[in-house]
Amino acid sequence: MGFVFEREGALVDHPSDPGGITNRGISLRYAKSKGRLLDLDADGDVDAADIRLITPAVAAEIYDADFYLKVRGPELPASIAIAAADAAVNCGPDRAIRWLQAAVGARVDGALGPLTLVSVAAASPRQLLAEFQARRMVHHATLSTFGTFGLGWMRRCSALSILCAAYLPPVPETSP
């Protein structure tokens, strides 16, 4: 999840971010959805003060439990696991799973089950990565905040594709 840490950075409180104040990729909106689990200052509520207290260790635990494992990262090819986990942190696990399902032609229901996993295993990792990333970028382009954050999202998707390419099997050579 090093890529995610690098892209998410530290504390950000941009007025146009619908997630609210964010630290290491963990937004106030997300933290509130987890209830008291993220009441890091133990004052009985989840607010900006709790977001400010998120450490790299806390973020890593959240990334693993709520994003990487929800997209079943350990069961995916490495390139797809990296892309799906990053998309889950950036856009939510449900969206990441839906893009993966659509990319392999599986039923799009947001539940990553055995049929989707079989389809992923049968797919060309290179083509699957390209299709997944294309669907992610199309989604970003439809958001009302694209004018503010779009270039950063596109840079993130491009950098992620380059990183994931290192995990793809080599392209077989063809004879002329």
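Predicted model: local features only at pLDDT ≥ 70, side-chain atom pairs only at ≥ 80, totals over all residues.
**Helix α5 and its surroundings**

Directly after helix α5 comes Gly 92, whose phi is positive, near 105 degrees. Helix α5 has 14 residues and reaches 19 Å from its first C-alpha to its last, which is close to the 20 Å expected at 1.5 Å a residue.

Helix α5 is mostly covered, in that eleven of its 14 residues are buried. Among these buried residues are Ser 79, Asp 86 and Cys 91, together with a set of alanines that includes Ala 81, Ala 83, Ala 84, Ala 85, Ala 87 and Ala 88. The elements that cover the buried residues of α5 include α1 (2-8), α4, α6, α8 and α9 (146-165).

Of these neighbours, α4 can be described in detail. Helix α4 (residues 56-68) packs on helix α5 (residues 78-91) at an angle of about 100 degrees, and their axes lie 9 Å apart. An angle from 65 to 115 degrees counts as roughly perpendicular, so α4 is roughly perpendicular to α5. On the α4 side the contact is formed by Tyr 63, Phe 67 and Tyr 68, which meet Ala 81, Ala 85, Ala 88 and Val 89 of α5. The residues of this contact comprise seven nonpolar, no polar and no charged.

Ile 54 has a relative accessible area of 4%, and because buried means under 20%, Ile 54 is buried. Leaving aside residues up to four places away in sequence, Ile 54 touches Asn 23, Arg 24, Ile 26, Leu 40 and Ala 59. Pro 172, by contrast, is 118 residues from Ile 54 in sequence and 45 Å from Ile 54 in space, C-alpha to C-alpha.

A further helix pair involves two of the elements that cover α5, namely α6 and α8. The axes of helix α6 (residues 93-104) and helix α8 (residues 125-142) come within 9 Å and cross at roughly 130 degrees, and the two helices are therefore oblique to each other. The crossing in which α6 passes α8 is right-handed. Helix α6 contributes Arg 95, Ala 96, Trp 99, Leu 100, Ala 102, Ala 103 and Val 104 to the contact, while α8 contributes Leu 128, Glu 131, Phe 132, Arg 135, Arg 136 and His 139. Sorted by class, the contact of α6 with α8 has eight nonpolar, one polar and four charged residues, whereas that of α4 with α5 has no polar and no charged ones.

How values were computed
Residues numbered from 1 in each chain as written. Heavy atoms only, no water. Axes fitted to C-alpha atoms, helices over the stretch in contact; angles between N-to-C directions. Helix = DSSP H or I, 4+ residues; strand = E, 2+ residues; numbered from the N terminus. Parallel < 35°, antiparallel > 145°, perpendicular 65-115°, else oblique. Contact = heavy atoms within 4.5 Å. Nonpolar A, V, L, I, M, F, W, Y, C, P; charged D, E, K, R; others polar. Left-handed = near helix turned anticlockwise from the far one by under 90°. Buried < 20%, exposed > 50% of the residue type's maximum accessible area, 1.4 Å probe, protein only. Expected span 1.5 Å × (residues − 1).
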